[in-house]
Amino acid sequence: MAEQGVTVVLGAQWGDEGKGKLVDILCDKADVVARCQGGNNAGHTIVANGVAYDFHILPSGLVNPKCENLIGSGVVIHIPSFFSELAAAQNKGLDTTGRIFISSRAHIVLDLHQTVDGLEEVALGKSNVGTTRKGIGPTYSSKASRSGLRIEELDLDKWDQFEKRFRALVAGLKQRFGALLDSYDEEKELAYFKDIAPVVKPYVVNAIPWMNERQLANKRILVEGANALMLDLDYGTYPYVTSSNTGIGGVFTGLAISPFKIREITGVVKAYTTRVGGGPFPTEQLNVSHSKRTTPIEVVD
């Protein structure tokens, strides 16, 4: 890891390359660890001092007590999952006080987005993308259509505006999916947001000056990429891709990082290739040889 400036770790295949293991090693030297894109569809396990932590939306730098952590503007965040994951880490003795921040520009994943994600996958039938059904794609769709909700809007001082935009978003999705969303409880989710708004607020920062201050101070910043290059929305095996830019471009836009501050970029690969989700996989064998190699081995005592 660079002594100062920005170090970036990205997946260079289809995901599941072991990025988390490398980030785990590097975060001991980092002053800041940041997520730039994706949501809780990513994930890995980190073992620190003999304790295993499962991270999906939280940056891995939380295991370093001296490290600040940022969930960047390009990330989409399911708030119940964020607090559930944070509580699990704290219950294992991890002190996260004053070390985890969320960009005010990050978009909110609704429970409704997760429901819609499942419906869209079912509608695709055999051509389904193989998403995690965590609502990531529908949330990015809402963002692109300018109907999404940012974290900064979740504020009791602006509640009337939040409720208005929330109901408009829900109405738009209900218009599209009709009776398939009859089981969704709009009032229950809105009530949850009203209760959780003051709890979320202390974590929220304007990430542009926040990150700029740390760049100017030459802090050691580690960017933790999610997913992988072959799942990039523009350069991956479209349409069997994720919903964000998983390459270096996603780092610049998701974190407002200066390109001149980047010192190292590491693409993680593994010796054998696997693919997360559906879509083409050129080296996959679905023939007689494949059948032979996947036949269980009989163990003789």
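Author: Happy to! Keep in mind that this is a predicted model.

Reader: Nice. What volume does the largest pocket have?

Author: The largest pocket has a volume of about 1,100 Å³.

Reader: And how many residues line the largest pocket, and which lie nearest its centre?

Author: The lining is made up of 44 residues. Nearest the centre are N41, T132, N227, L231 and T242.

Reader: Which helices and strands supply at least two residues of that lining?

Author: Those include α1 (19-26), β3 (44-48), α3 (111-124) and α4 (136-144).

Reader: How do the lining residues divide into nonpolar, polar and charged?

Author: There are 17 nonpolar residues, 18 polar ones and nine charged ones in the lining of the largest pocket.

Reader: Let's switch to helices. How is a packed pair described?

Author: Two numbers do it: the angle between the two axes and the distance between those axes.

Reader: OK, so what angle do α3 and α5 make?

Author: α3 packs against helix α5 (residues 159-177) at about 20°, and their axes are 11 Å apart. Angles under 35 degrees count as roughly parallel, so α3 is roughly parallel to α5. The crossing of α3 and α5 is left-handed.

Reader: And what about α5 with α6?

Author: Here the angle is about 150°, with the axes of α5 and α6 11 Å apart. Since the cut-off for roughly antiparallel is over 145 degrees, α5 and α6 are therefore roughly antiparallel to each other. Their crossing is right-handed.

Reader: At what angle do α2 and α6 pack?

Author: Helix α2 (residues 79-91) meets helix α6 (residues 186-200) at an angle of about 50°, and the two axes are 11 Å apart. That pair is therefore oblique. α2 and α6 cross in a left-handed way.

Reader: New topic: which residues does a cis peptide bond join?

Author: Y238 and P239 are joined by one, with omega at about 10°.

Reader: Where is P239 found?

Author: P239 sits in the loop between β10 (220-224) and α8 (248-255).

Reader: Last one! What is the phi of D16, and where is its place?

Author: D16 has a positive phi of about 65°, although D16 is not a glycine. You'll find D16 in the loop between β1 (5-11) and α1.

Conventions. Residues numbered from 1 in each chain as written. Predicted model: local features only at pLDDT ≥ 70, side-chain atom pairs only at ≥ 80, totals over all residues. Heavy atoms only, no water. 1 Å grid on protein atoms, 1.4 Å probe; cavity = no way out; pocket = protein on both sides within 12 Å on 5 of 7 lines; lining within 4 Å. Points joined across faces, edges and corners; volume = space filled by probe spheres on them. Helix = DSSP H or I, 4+ residues; strand = E, 2+ residues; numbered from the N terminus. Nonpolar A, V, L, I, M, F, W, Y, C, P; charged D, E, K, R; others polar. Axes fitted to C-alpha atoms, helices over the stretch in contact; angles between N-to-C directions. Parallel < 35°, antiparallel > 145°, perpendicular 65-115°, else oblique. Left-handed = near helix turned anticlockwise from the far one by under 90°.
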